[in-house]
Amino acid sequence: MGESQKFQMGTIGALSLSVVSSVSIVICNKALISTLGFTFATTLTSWHLLVTFCSLHVALWMKMFEHKPFDASSVMSFGILNGISIGLLNLSLGFNSVGFYQMTKLAIIPCTVLLETLFFRKKFSRSIQFSLSILLMGVGVATVTDLQLNALGSFLSLLAVITTCVAQIMTNTIQKKFKVSSTQLLYQSCPYQAISLFIIGPFLDGFLTNQNVFAFEYTPQVLFFIVLSCLISVSVNFSTFLVIGKTSAVTYQVLGHLKTCLVLTFGYTLLHDPFDWRNILGILIAVLGMVLYSYYCSRESQRKASEASQQLPQTKESEADPLLAMENGTGMLGEDGAVQKGPVWNSNKDLHA
């Protein structure tokens, strides 16, 4: 099996793990919040991250992965930003209607595309933009019901979208810049995420629910679902970093909307949630957008691979022909008249090194 096939299998595995674990934790948390009345979402998320860190620490002790320290300031800022984005999303839900909150989540994809285009010079073809538009329209039709606007809620939603986009883009760029795996990054950033949410969680949940998380009656049934939710969250957090590292922040958001459609379907099938023709139509449109996005991404990946394979023989040919190497600027004459490999002029990178 070639490297490209291994990468594709790893990507498919990461996507599958993310979908299964995310849908599972949504069902578990719905039972915990809706049925058992445990409405402290931010505090629960801090427990998720704490359990994830402890699990990764055990895995490190068992030598299942290698600890690779890198820039501490990047890890700290990344971890705290992730924690803040989660808190802002919960605040956005608290101060807005459910419909406006769903619009906030839909805005993450175009915002991510805009940021990556402006700051990372990443290009998105018209085909990709078209497929994303269909996806967003479908999810909007399926999930957005009422749109009640207010100034504070809109401001919090804007902050939530920006921080979420930046945090997810950083997940991808940090892994590539420092050459760390998703496990290594998650292990080092988890404590900062957990601490930030553990500090603000009880106050934020108390403000939104008018209840005290420490005064809640923890029955055996509640404790069982909390433990189950925390265990599933290990897989959710790991697969999130894995998917973004192997693909991109945009692809992860597309996957997130697939999970939304699956949750709606499972809710209707298993929990008998209300479901009408608008939900069905929206899900079908969203699935069409996802299929088109996957097709266009695959086609562009194949085109780039084909271009790279065509450039490789040309590079080898230019290295074999001294005159062609001189003509292309990839070689220069030494003092003895022999062709030396290297650029004629130093690049800006070399000058500032």
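This report walks through a pocket, a salt bridge, a surface patch and a few individual residues of a predicted model.

## Ground rules

Residues are numbered from 1 along each chain as its sequence is written, and side-chain values rest on heavy atoms, with hydrogens and water left out. Since the model is predicted, local features need pLDDT of at least 70 and side-chain atom pairs count only at pLDDT 80 or more, whereas totals for chains, interfaces and linings use all residues.

## The second largest pocket

Let us start with an open space. The second largest pocket has a volume of about 1300 Å³. A pocket here is an open set of points on a 1 Å grid over the protein atoms alone, with protein on both sides within 12 Å along at least five of seven lines; lining residues have an atom within 4 Å of a point. The volume is the space filled by probe spheres set on the points, which are joined across faces, edges and corners. Of the 36 lining residues, Thr247, Thr251, Cys297, Ser298 and Ser301 are the closest to the centre of this pocket.

Which helix gives the most to the lining of the second largest pocket? That is H11, with eleven residues. Helices H1 (3-35), H5 (108-120), H7 (151-177), H10 (249-270) and H11 (277-320) each supply at least two residues of this lining; helices are DSSP runs of H or I with at least four residues, numbered from the N terminus. By type, the lining of the second largest pocket divides into 17 nonpolar, twelve polar and seven charged residues. In this count Ala, Val, Leu, Ile, Met, Phe, Trp, Tyr, Cys and Pro are nonpolar, Asp, Glu, Lys and Arg are charged, and the others, Gly among them, are polar.

The C-alpha atoms of isoleucine 25 and valine 236 are 8.0 Å apart, although 211 residues separate the two along the chain.

In helix H5 sits leucine 115, buried with a relative accessible area of 18%. Leucine 115 and isoleucine 162 lie 47 residues apart in sequence and 9.3 Å apart from C-alpha to C-alpha.

## One salt bridge

The structure holds one salt bridge, defined as a side-chain nitrogen of Lys or Arg within 4 Å of a carboxyl oxygen of Asp or Glu. Glutamate 116 and lysine 122 form it, with 3.7 Å between the closest N and O atoms. Glutamate 116 is buried at 7% relative accessibility, while lysine 122 is partly exposed at 32%.

## On the surface

Val58, Trp61, Met62 and Met64 make up a nonpolar surface patch with about 530 Å² of accessible area together. Patch members have over 30% relative accessible area and no salt bridge; nonpolar side chains (Val, Leu, Ile, Met, Phe, Trp, Tyr) are joined within 5 Å and like charges within 9 Å. Areas come from the Shrake-Rupley method with a 1.4 Å probe, and for residues only the protein chains shown count as cover. Valine 58 belongs to helix H2 (residues 41-61) and is partly exposed at 44%.

Two loop residues other than glycine have positive phi values. Lysine 179, with phi near 55 degrees, lies in the loop between H7 and helix H8 (182-209) and is exposed at 64% relative accessibility. Asparagine 210 has phi near 60 degrees, sits in the loop between H8 and helix H9 (220-246) and is exposed at 71%.

Methods: Buried < 20%, exposed > 50% of the residue type's maximum accessible area, 1.4 Å probe, protein only. 1 Å grid on protein atoms, 1.4 Å probe; cavity = no way out; pocket = protein on both sides within 12 Å on 5 of 7 lines; lining within 4 Å.
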